[in-house]
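Hi everyone, thanks for coming. Let me put the structure up and walk you through a few spots.

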Amino acid sequence: MTELLYLDDSYLKEFSANIASVAENKIELDKTAFYPRGGGQLGDIGKIIANGKEYAVKSVEKNSGKVLHELDSFEGLQAGMQISGAIDWERRYAMMRMHSAAHVLAAVIYREIGSLITGNQLGFGESRMDYNVKDFDRNLLQGFEEKANEIVGSAMPITISYIAREEAMKIPEIFRLRDLFPKVISDFRVISIGDYDRQADGGTHVRNTKEIGKIKITRLDNKGAENRRIYFELAD
Ligand SMILES: [Zn+2]
């Protein structure tokens, strides 16, 4: 299992680690600050330095508890070597703002009409979330957007905590993407937005809603009889 440094510090940009294994052009580290693609959030890119040589990290994914970093080359790398890693911070921070924005919007929509998310994909320009709902009309969407920007503007802290499984199961509203969570997990990582919202989540977030900027719902698509897709973007 790779120790996931980003879980408790989303702002960690550089770190040191040891190579656990090298296979093809992918390396496994004993710990990492690189976020592996998942939960609708894109994986990090960046670089690692080993023996004074720089390697580009092209993609990062999780496989059976191991975080695998795909590199442009693995020449000279072997298990046991110490490396230093640096994530592409500009890209990651954009993802963090998007991810926190998605939680704010999802919280507003859940509170207003009780809808659950059936899928989501965060992007750098535009992100999308799917809802199991028959109708979103334009006025409803505008209301969601206004309320979401109220939350953003009120500078609520966004914090990370852990809740034991038995306790977490008593708070159904924190599982808006329930299918995402492995059944064997003993403690759930929970992202809280002030006292407005709590969601079990493995992603990286900003520390305060004011870092999000302004949320703009851009368009709406019908994806089946009871599935609506909302697109949104952020303005600085
Ligand atoms: Zn999330």
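Let's start with G213, which is partly exposed because 17 other C-beta atoms lie within 10 Å; buried would take 20 or more, exposed 12 or fewer, and partly exposed is in between, with C-beta atoms placed from the backbone. This is a predicted model, where local features need pLDDT of at least 70 and side-chain atom pairs count only at pLDDT 80 or more, while totals for chains, interfaces and linings use all residues. Residues are numbered from 1 along each chain as its sequence is written.

G213 sits in the loop between β13 (197-200) and β14 (214-222); strands here are DSSP E runs of at least two residues, helices are H or I runs of at least four, and both are numbered from the N terminus. Which residues does G213 contact, leaving aside neighbours within four places in sequence? They are R97, L234, A235 and D236, a contact being C-beta atoms, placed from the backbone, within 7 Å. For D236, 23 residues away along the chain, the C-alpha separation from G213 is 4.9 Å.

After α1 comes G114, with a positive phi near 75°.

Now the barrel: six strands close up in the order β2-β3-β7-β6-β5-β8, with antiparallel pairing, where pairing takes at least two DSSP bridges between strands. Within it, β6 (residues 53-63) and β7 (residues 66-71) are joined by six bridges, and V60 has H69 in β7 as its bridge partner.

Terms used:
Two residues are in contact if their C-beta atoms, placed from the backbone, lie within 7 Å.
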